[in-house]
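Please read them alongside the model.

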Amino acid sequence: PRQPAKTLWYDRPRYVYLEFCVEDSRDVKVVIEDQRLVFSCKNADGVEFYNEINLYARVNSKDSREKRSDRSITCFMRKWKEKVAWPRITKENIKPAWLSVDFDNWRDWEGDEEVERATLEQYAEV
């Protein structure tokens, strides 16, 4: 049986971030298309996770990537239109139960480009 992974998201001027909260993930597959993201993996207990998100707006799939850690898989997707705020991550105006805003990382954009650059560099080091 597949189930959706608990997912957090937040918006930045140039990127949209999604964090799939799965500990000890295996067989991770992330497909980032211009208007859609598909995520799947298994955890240590063999539970299968699957999320499919029709994105609110277009992203540059060539300049998007993911990073796996012991606790989660974080995807950062380059917005096609930079500096345009996304009011939600999904194209549909309904919020799935497994999707939440990551308020720990949600900020005003004022002077945020330096923070965003530092975050990207942190991911790029892996």
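1. Strands β5 (residues 36–42) and β6 (residues 48–54) are antiparallel partners joined by seven bridges. Within this pair, F39 lies opposite N51 of β6. Strands here are DSSP runs of E with at least two residues, numbered from the N terminus, and two strands pair if DSSP finds at least two bridges between them.

2. This is a predicted model, in which local features need pLDDT of at least 70 and side-chain atom pairs count only at pLDDT 80 or more, while totals for chains, interfaces and linings use all residues. Residues are numbered from 1 along each chain as its sequence is written, and side-chain values use heavy atoms, with hydrogens and water left out.

3. The β5–β6 pair belongs to an open, mixed sheet of four strands, ordered β1-β6-β5-β4. Its edges are β1 (2–3) and β4 (26–32), each of which pairs on one side only.

4. A further open sheet, also of mixed pairing, has five strands in the order β7-β8-β3-β2-β9. Strands β7 (59–68) and β9 are at the edges with a single partner strand each, so one side of each has no neighbour in the sheet. Strand β2 (residues 6–11) runs parallel to β9, with three bridges between them, and W9 is opposite V101 in β9.

5. T90 sits in the loop between β8 (73–79) and β9 (99–101). T90 counts as buried because its relative accessibility is 6% (buried: under 20% relative accessible area, 1.4 Å probe, protein chains only). The T90 side chain reaches the backbone oxygen of E92 at 2.7 Å.

Note on methods: Buried < 20%, exposed > 50% of the residue type's maximum accessible area, 1.4 Å probe, protein only. Polar contact = N/O pair within 3.5 Å; in protein donor to acceptor, adjacent residues only side chain to side chain.
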